[in-house]
Amino acid sequence: MTEASFLARVEHGWMEDGMGSMCGPKCNLDISDRISECEFDLETAFLELVDQAVGAGWTRTEATIAITGLADNFMLGLAENEHMGVEIAHALENMKRPGYRGPRDF
């Protein structure tokens, strides 16, 4: 972390005690601003995680690729959960239909 980045974090309320604490969104911003703020909030924890992986013997590249893979898989899981939620809501609505006879009656 650069000195400027460190000073910016101190100004924005980051406590440098291990993983620190996050500030959270400052106000109702559009999504791109919220994502940028979230990245800023997560950066220290991310860099510490990479440093821990390097300390365990992994390279920075390996750690970053692994973290990216974890993030991708997590995002795919979120999307699948949302899709399943829609499917379940649809099935529940069908169950309320007069004359519904079971799962094969879609």
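Asp-30 sits in the loop between α1 (3–11) and α2. Helices here are DSSP runs of H or I with at least four residues, strands are runs of E with at least two, and both are numbered from the N terminus. Asp-30 counts as partly exposed, at 44% relative accessibility. The cut-offs are these: buried is under 20% relative accessible area, exposed is over 50%, and partly exposed lies in between (1.4 Å probe, protein chains only). A polar atom of the Asp-30 side chain lies 3.0 Å from the backbone nitrogen of Asp-33. A polar contact is a pair of N or O atoms within 3.5 Å; within protein, one must be able to donate a hydrogen and the other to accept it, and residues adjacent in sequence count only if both atoms are side-chain atoms.

This is a predicted model: local features need pLDDT of at least 70, side-chain atom pairs count only at pLDDT 80 or more, and totals for chains, interfaces and linings use all residues. Residues are numbered from 1 along each chain as its sequence is written, and side-chain values use heavy atoms, with hydrogens and water left out.

**The chain as a whole**

The chain holds three helices and zero strands. Read from the N terminus, its elements run α-α-α. The chain has 106 residues, of which 12% count as buried. Accessible areas come from the Shrake-Rupley method with a 1.4 Å probe; for residues, only the protein chains shown count as cover. Contact means heavy atoms within 4.5 Å. Among contacts between residues at least 6 apart in sequence, 29% join residues at least 24 apart.

**Helix α2**

Asp-41 belongs to helix α2 (residues 31–55). Is Asp-41 buried or exposed? Asp-41 is buried, because its relative accessible area is 6%. A polar atom of its side chain lies 2.8 Å from the backbone nitrogen of Gly-24.

**Helix α3**

Helix α3 has 36 residues and reaches 52 Å from its first C-alpha to its last, close to the 52 Å expected at 1.5 Å a residue. The expected span is 1.5 Å times one less than the number of residues in the helix. Which residues of α3 are buried? They are Ala-63, Ile-67 and Asn-94. The cover over the buried residues of α3 includes α2.

Leu-92 also lies in α3 (residues 60–95). Leu-92 counts as partly exposed, at 45% relative accessibility. Together with Met-84, Ile-88 and Met-95, Leu-92 makes a nonpolar surface patch of about 380 Å². Patches take residues with over 30% relative accessible area and no salt bridge; like charges are joined within 9 Å, nonpolar side chains (Val, Leu, Ile, Met, Phe, Trp, Tyr) within 5 Å.

**Salt bridges**

A salt bridge is a side-chain nitrogen of Lys or Arg within 4 Å of a carboxyl oxygen of Asp or Glu. The count comes to two salt bridges.

| Salt bridge | N to O distance |
|---|---|
| Arg-60 and Asp-51 | 2.9 Å |
| Lys-96 and Glu-93 | 3.4 Å |

Arg-60 is partly exposed at 47% relative accessibility.
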